[in-house]
Amino acid sequence: MLPATFKLCAGISYRHMRNMTCLRKNAVVAIHHELNKLAGPGPSNWISQVRRRSSLLSSRIEEEGYSEEDMSYVKQGEDALKKAISILSEQDDWTIETVAANGDKVLSKVLPDIGKVFKLEVVLEQQPKSLYEELVGNMEQMGEWNPNVKEVKILQKIGQDTMVTHEVSAETPGNVVGPRDFVSVRCTKRRGSTCFLAGMSTQHPKMPEQKGVVRAENGPTCIVMKPCAEDPNKTQFTWLLSIDLKGWIPKTIINRVLSQTQVDFANHLRDRMADNVSMEMAHAC
């Protein structure tokens, strides 16, 4: 049922189907049905919060007077979030790719119609709201602290929760994997103390494919940040990564590059947050 649900959601992004009110309502009902099944008899808080808020989607985007193109991006972002939650809710059949000395862990599994996805699980010293501000509020500064990223540019914002971005990745050491660029729609949510940053590839008129750069695809991807049960001042940080780098690259190399990229990201983020604390202390003196 789940693949059919997302085909229904994708269908309403087409221009000739958007004005079919009944179809939009059916899509929202179908999403609720699937999230109810995923949550089971005892859903975790973050799934319940997203499910409750998703009921407002259809009316909200109409009331705020978005264009049809804007509505399409909003729906793509919501679709990416729902699909990512579905994947993360399934705890079975994950295979360990790597475990770092500090306990950072990358797992993977192969999914029908998507392929291999990776999941980073780490604990960070900061609260979710601080990490959310860095990753969302300061998104365009990511290239300053993450050497795997050359640039992140926000092409368009739609409301508070949706944006379209262009990202350029750096080449890997030895240029095993050359630079790639991505155009992504991102859906950001804060539900209580839990924060989400989901996304998937899209197209945007401001950023057609660039000559000499391979346009890769991603999604669904999602970062989930929630307080640790043992210490609410720390964050249980989960990053779901699904990506197609394109080009003729052996799968063994792709698997190694992607899992290492996730481990590196966690370490670079730790360094960034530590630098932020140092700067705040320096300004306070």
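These exercises work through contacts and secondary structure in one predicted model.

Residues are numbered from 1 along each chain as its sequence is written. The model is predicted, so local features need pLDDT of at least 70, side-chain atom pairs count only at pLDDT 80 or more, totals for chains, interfaces and linings use all residues, and side-chain values use heavy atoms, with hydrogens and water left out.

**Exercise 1. Aromatic rings**

Task: Find how Trp-145 and Phe-265 are arranged, and state whether each is buried or exposed.

Solution: 
- Start with the cut-offs. Rings of Phe, Tyr and Trp (its six-membered ring) pair if their centres lie within 6.5 Å; planes under 30 degrees apart count as stacked, over 60 as edge-to-face and the rest as tilted.
- The whole structure holds 3 aromatic pairs. In one of them, Trp-145 and Phe-265 lie 5.8 Å apart centre to centre, with 50° between the planes, which makes the pair tilted.
- Trp-145 is in helix α8 (residues 142-145) and Phe-265 in helix α9 (residues 251-284), 120 residues apart. Helices (H or I, at least four residues) and strands (E, at least two) are DSSP runs, numbered from the N terminus.
- Now check accessibility. Buried means under 20% relative accessible area, exposed over 50%, partly exposed in between (1.4 Å probe, protein chains only). Trp-145 is buried at 10%. Phe-265 is buried at 5%.
- Finally, widen the view. Ring pairs join Trp-145, Phe-237, Trp-239 and Phe-265 into a cluster.

**Exercise 2. Helix α6**

Solution: 
- As for cover, 19 of the 22 residues in α6 are buried.

**Exercise 3. Strand β3 and its partners**

Task: Work out which strands pair with β3, and in which sense.

Solution: 
- Two strands pair if DSSP finds at least two bridges between them.
- Strand β2 (residues 105-111) is antiparallel to strand β3 (residues 115-124), with 7 bridges. Leu-111 faces Gly-115 of β3.
- β2 and β3 make a hairpin with 3 residues between them. In the turn, Asp-113 has a positive phi of about 70°.
- β3 also runs antiparallel to strand β11 (residues 235-241), again through 7 bridges. Lys-119 has Leu-240 as its bridge partner in β11.
- The charged end of Lys-119 sits over the ring of Trp-94, 4.2 Å from its centre. The test is NZ of Lys or CZ of Arg within 6 Å of the ring centre and within 35 degrees of the ring normal.

**Exercise 4. Salt bridges**

Task: Identify the salt-bridge partners of Lys-116, Glu-121 and Glu-134.

Solution: 
- A salt bridge is a side-chain nitrogen of Lys or Arg within 4 Å of a carboxyl oxygen of Asp or Glu. The search finds 15.
- Lys-116 meets Glu-97 at 3.0 Å, N to O. Lys-116 is in β3 and Glu-97 in strand β1 (residues 95-99), so the pair ties together parts 19 residues apart in sequence. Both are partly exposed: Lys-116 at 30%, Glu-97 at 29%.
- Glu-121 meets Lys-105 at 4.0 Å, N to O. This pair links β3 to β2, 16 residues apart.
- Glu-134 bridges to Arg-272, with the closest N and O atoms 3.1 Å apart. Glu-134 lies in helix α7 (residues 128-137) and Arg-272 in α9, so parts 138 residues apart in sequence are tied together. Glu-134 and Arg-272 are buried.
- Shared partners also join Glu-78, Lys-82, Asp-161 and Lys-189 into one salt-bridge network.
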